[in-house]
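Welcome! Have a look at the model below, and then let us walk through some of its parts together.

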Amino acid sequence: MEILEKIFNISIWASTLRIATPILLASLGGVMSERSGVINIGLEGMMLMGAFGAAAGSYFYGPWIGMLIGIAIGGLTGLIHAFMSVTVKANQIISATAINIFAVGFPNIMVPIIWPGYHAITPVVPVIKDIRLPLIADLPVIGLIIGNQNPIVYIALILVPIINYFLFRTPLGLRIRSVGENPKAADTLGINVVKMRYIAVIASGFLAGLGGAFLSIGYQSQFSSAMTQGRGFIGLAAMIFGRWRPVGAFISCLLFGFADAFQAAAQSAGMPIPPELLLATPYVLTLIALVGLIGKRAVGPAANGKPYEKG
Amino acid sequence: MKMEKSNLQQIIFKNKGAFSFIKAFIAIILALILGAIILLLMGNNPIEAYSALVQGAFGSKRCFAETLLSTTPLMFGGLAFALAYRCGLFNIGVEGQIAMGGMAAAFLGYSLTGLPPIIHLPIVLIGAALMGAVWGIGPGFLKARFGVHEVISTIMLNYIAFKITGYMVSVKGPMKSLVDEMPASPRILSSAKIIRIWKGTRLHWGILIAIILAVVVYYILFKTRLGYKIRAVGKNSFAAETVGINVPRHFVIAMMLSGLLGGLAGGVEICGVHYRLLAAFSPGYGFDSIAVALLGMLHPFGIIFSAFLFGILRSGAILMQAMAGVSKDMVQVISAIIIFFMGMSEPLGKYFTERFMRNKDGNIRKDI
Amino acid sequence: MEPIIKMENIVKRFPLVCANDHVNFEVKKGEIHCLLGENGAGKTTLMNILYGLYGCDEGKIFIRGEEVYFKGPSDAIKKGIGMVHQHFMLIPVFTITENLILGAEPVKGPSLDIKKAEEEITALSQKYQLNIDPQAYVMDISVGMQQRAEILKLLYRGADIMIFDEPTAILTPQKVKELYKIMNFLKENGHTIIFITHKLKEVMDISDRVTVLRDGKVVDTVETSTTNPSKLARMMVGREVLFRVEKPKKKIGKAVLEMENVFAKNQRGLPALQELNLKVSEGEIVGIAGIDGNGQKELTEILTGLRKVDNGKIVINGKDLTNRETREFFTVGRIAYIPEDRLLRGLILDFPLYENFILGLQDNKPFAKGVFLDFIKAKEFSQELVHKFDIRGSNIESLANTLSGGNQQKIVVARELQRDPKLIIASQPTRGLDVGATEFVHQQIIKQSNEGKAILLISLELSEIMNLSDRIIVIYEGKFRGEFNAQSASEEEIGLMMAGGGVS
C-alpha cells in the first residue's frame, strides 16, 4: 500500500506532462500529415533527426538556436517524405521506413565528427532550462503540475488549441482537410493538392523535430541514437486513438505519458516487478489502445495513404 | 481507338527478370555514389573507405567467411519481410522475431539435456521458429480481426521483445548465466550447436539452411495454391475476397510464416554463432532485412543475392571503420538510401517509360 | 454572333488511346448544347480540358472571343466556367457550406466566416429555387440534394457557363424532369449549359443543339429540332443499332435462388434491406431495377457471402446458405458472380491473364494438384477461353492491366461462366463498355439463360433491364416494390416505382 502512496504523489502528474510532450508533438505531427492524406510512419525518424540537430546546434550556438535547428532539420526530413510520397508517389510506408533507418545511421556517423572520440552518445550539451511561471506556480494543485516545466512543454500545450483552430477554422486548414478526404474534389475546385500535402507533411516534420529537440536539450541533456524509444510510433497510436483530432490526441498522449510516469515511479518506489518488464508498459498499452478502440468509428481521412493521380 | 502495346513495352515485359536486376543494380550504384558523396563531405576518402570495405569482405578466408556469416540471418530476414509484403503486409517486426527466436533457441539449447544432436538441434530450431511464428501471428491476428495496422503493432512488439530478452539475461533475470558477469544466458549444449563447415573460420552450415529455405519459399509462393492466394490477397484483397478467398485468414498465415522465418533467423544465429543468448545479439539484421527484401525485388532468388550484398556491407564495414575511420553506421545509411531508391523505382520507371514513348510533339512513337 | 466557347482542333492523347482527335466544338451563349457519344468517345475528356483539369496536347480554346490557357480549374472558374461531374465531387464529412466555399472561402480575419457563407448560400438557393440545408453534412443528405448542392457550388463562384457530365445517371425519371426545369430556369437567367450524355432521349428532351462524338472525333453538330434518335444513334455508333435483343421462348424450371424475408444492414449499421422475398428459377432472367443506392450493393453482398443478414433465409441450389462464407456460395451454391466493379473486384490487374482466369478456381480440379497449382493446365485453360470468347489485345502472359475495359470484362465473364454455375449474379455487367462489348455480354447472358441457368441481373440502366429480363422487380429503399412482366411493362411505370411512387 505504501508503495502506491509513494507512486501517486503530485509529482507523477508533473512527470506525466513532461513525458507526454514529445509523444504529443509527434502525435500532432501525425494529425497534420494524415489529415492531408499522407501516412507518416517516419515521425520517429524525424524526431530523432530533430534531436540530433538540436544537440549539435546547441553545442555550437546555444540551446535556443539549437531548438530552431532541431525544428528545421525535422522539417527538412519531412520534406524528403513529402517528396517521396507526393511527387514520386512511392509507397508511403517504405519511404517512412527508409527515413527511420537513415535517422539512426546518419547521426551516428556524424557524432564522431562533431565530437571526436564519441560514438553513438554525445557529451552533455547546453539545455533549455525549465522555467517557473510566476503566478501559476503558486496555485495550489495545478501550480505543482503545470507551474514549473520546460518551455517546450508549454509550447506543446499551446500548440494543441492552435493546431485545432488552424485545421478546423481557417481556410488553409479546410483545404488541407479536403485534400485528405477527397483530393479529386478539391482539385476540381482549383486547390493545389500537391502544395497542401507538402505543407502538411513538412509541418509534421517541424513538429516531430521540436519533439526531438525537447528530448535532447530539454528532457535530457545529450543526444543518443537510441533516444526516441518508439515515441514517434506511440504518437501515431495516440493520433488514431484521438480520432485524428488535436484534443483527442492530447488526451491520449496524457494517458501514455501517465503509463510511462507510473512505471518509472513504480520502479523507484520499489514495486516488485522487474524494471525491464515495467519499461515495456507504454508499448503494451499502445497495443491495447489500438485494439480496444478500433471499430467502425476509427477511420481516418478518407484518402489517407493513397497517392493522388491526376486524371 | 486503342493502340497496340508497343514493341518496347513488349520487350520490357518479356524480360521482366533482367529489368528487375537492372533496377536493383542501378539502386546499388546510386546508393554507393551518394554514400561516396556523404563520405567526401565528412572529410573521408571514399576510395579508401570502399576499398577497405571490399577488403574487409573478401580479403581473407576469415573475412569471406564472416561475410557469409552475416548473409545468413539477412537471408532469413529478407525472406520474412518479402513473404509478408507479398500478402500486402509490412512486417517491421523481424528484429523482435529474431530476438524472441534466439531466446527460445538458447533456452531449449541449454536446458534440454541428454539428447543426441540429431534430435536436439532440430527441436531447438523448431522452437525458435515457433516462437517467431507466435510473435508474428499476433499482429496478423490483430490486423485480421480488428484492422490494427501491422506497422505499429509489429514495432511495438519489437520493443516488447527487446525488453523481455533484456530482462531474461539481466542481473536477476531467469535466464542469466551464473557463471559469467555479462548479460548472457548459459551456453547451449554442444548437441544444439550448428557445426562449423569451414576450418579456421566461424562459418556454419546455417547458410545452407537459408538457401534451402529460399528455394522452399519460392515454391510456396509461385507453385502452390497457398502462395497464389497469398499473392492474390497482396495485390488485390477485394478481388480475392469476392471470389471466396478468406482474406483475414491469409493475413494471419502470412504473418505467421513471416514471423517463423524471423524466429528461425534468431535461432540460427544463437546456435551457429553465439551459442548463448546475449542481450542485443542482432546488430539490426531485422531492419536490414527490409532493404534486403526490397533490393531482392521481393523474390527469393533475388533475396539470396541482395542478402549477400548486405553481408558484404556488414562485414566490410568493420574493417572500413578500423582502417578508414568510417563509422559502421554507414551501412545503415546506405541501407536507407537503397530503400529510398527501390521505393522510387516503380513510379519512376513508369514515368520514364511514358516519357520515352513520346516524341517531342507528344505523339506516341511508332518506331519502337 | 461570336460563340461563347470555341474549342479549335483539340488533340489529347493518353498512353493507349487518342481521346480527342482534332476536335472542333462551339457553343452559343444561352443555349443548352448536348455532347453525345458512347462511353469512351471522348466527351468527358473534352470537357475536362475546357474546365482546366487536363491540358490539351494541341489546339486552342476561346472564351467569349479571347484565347485562354488554363493551368488548372481555378483559371476556368475565373472565366465563369463551372462543372458538375458525373461522380459527385463532394466531401461526405463536410457540411454543404464547407463544400461550397472550398477554395473560395469568405474570411473574417484569419478565420472562416461561416455565417456569411451560410447567408450567401441561402440567398442563392432561394433565387434559383435549389432547396438545400447549408448546415447538413453531405453524407446525411439525399442524392437529389447533393446534386442541387453541386449546382449551387457553381453558382456560388459566379459560373455562367455550366457543364453537366451525365447528371441523370442517379435520378429517377421524375427527378430528371425536375433537373430539366432547373436547367431551363438557368437558361432563362442567361446561363449557357453543356450537357454530356449517352442517352438519346435526353438529347431530344432538353437540348437546342447536339454535337456527336465517336472514337475521339466529331461526327457532326446539328440542331436538335432537325434530327431524331435513330439518326443520332447512327452517328453515335456508326451503324444501325438494334434497340431490342431477340429472345426465343424459354422453359422455366425449378427455383434456384430463394430469398425469404431477408433483412440486412449497410456499412453504417442502418437498415439497408428489408423483408426481401425473391425467387429466381432455371431459365429465368430476373432483373432488379432501381436507382443507385437503394440497396443493390447490399443485395449482391448478401448473395455472395460478403455481408451478413440479420434475418431471413437464403437458399441456393437447394442448400441453405444464409450467412455462409463466400467460398461456400461458389462451391455448394454453384453461383457465378460478375461484380459491378471489375477493376476492383473482378480482376487482379497486376496478375497475368492466366492467373486471372483461375481466380477463385485455384482450389478446384484440374488446377489443384495437392498443395500445388498446375500452371500448365491453367495456361491451357486460359488459351481455350481467350479463343472461345475472342479476347483480343494480348497473350495470356500479359498483365490484365494492359487490356481494354471490354476485354477485361470478357475475362471476368468467361471465367465465371466456365464454372458451369446454376445461378449467375450479374451486377452492372456492361458498365463502361462500348457497344460491341455490351452486345457480347448481353448475348452471353441470353445464351446462358437458354441453357437453363438462373440469372439475377442488377443494373442501373433501365433499358438493359427491360431488354434482357423476363421479370422485372423494382428495389426502392431496400424493399422490393412491384413486379413487372418485361413484355408488358412500360418505362414510365417502372420509373415511377423506382422513385417510390405507384402501387406495388
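## A helix in chain A

Gly37(A) comes after helix H2(A) and has a positive phi, near 100 degrees. Helices here are DSSP runs of H or I with at least four residues, strands are runs of E with at least two, and both are numbered from the N terminus. Before we go on, please note that this is a predicted model: local features need pLDDT of at least 70, side-chain atom pairs count only at pLDDT 80 or more, and totals for chains, interfaces and linings use all residues. Residues are numbered from 1 along each chain as its sequence is written, while chains are lettered from A and ligands numbered from 1 in the order in which they are written.

H2(A) covers residues 11-35, which is 25 residues. From first C-alpha to last, H2(A) reaches 35 Å, close to the expected 36 Å (1.5 Å times one less than the number of residues). Where does H2(A) have its kink? At Thr21(A), shortly before the proline Pro22(A), there is a kink of about 40 degrees; the bend is the angle between axes fitted to the seven residues ending at a residue and the seven starting there. In H2(A), 20 of the 25 residues are buried, meaning that 20 or more other C-beta atoms, placed from the backbone, lie within 10 Å of a residue's own.

## Chain B, made of helices

How many helices and strands does chain B have? Chain B has 14 helices and zero strands. Its C-alpha atoms fill a box of roughly 80 × 60 × 35 Å along the principal axes, and 58% of its 368 residues are buried.

In chain B, among contacts with a separation of 6 or more, 78% join residues 24 or more positions apart; a contact means C-beta atoms, placed from the backbone, within 7 Å.

## A sheet in chain C

Strands of a sheet pair through backbone hydrogen bonds, either parallel or antiparallel. Chain C has an open sheet of six strands in the order E18-E21-E22-E15-E23-E24, with mixed pairing; two strands pair if DSSP finds at least two bridges between them. The edge strands are E18 (335-338) and E24 (479-485) of chain C, each pairing on one side only.

E18(C) pairs with E21(C) (residues 423-427) in the parallel sense over four bridges. Ala336(C) has Ile424(C) in E21(C) as its bridge partner.

Conventions:
Buried ≥ 20, exposed ≤ 12 C-beta atoms within 10 Å, placed from the backbone. Contact = placed C-beta atoms within 7 Å.
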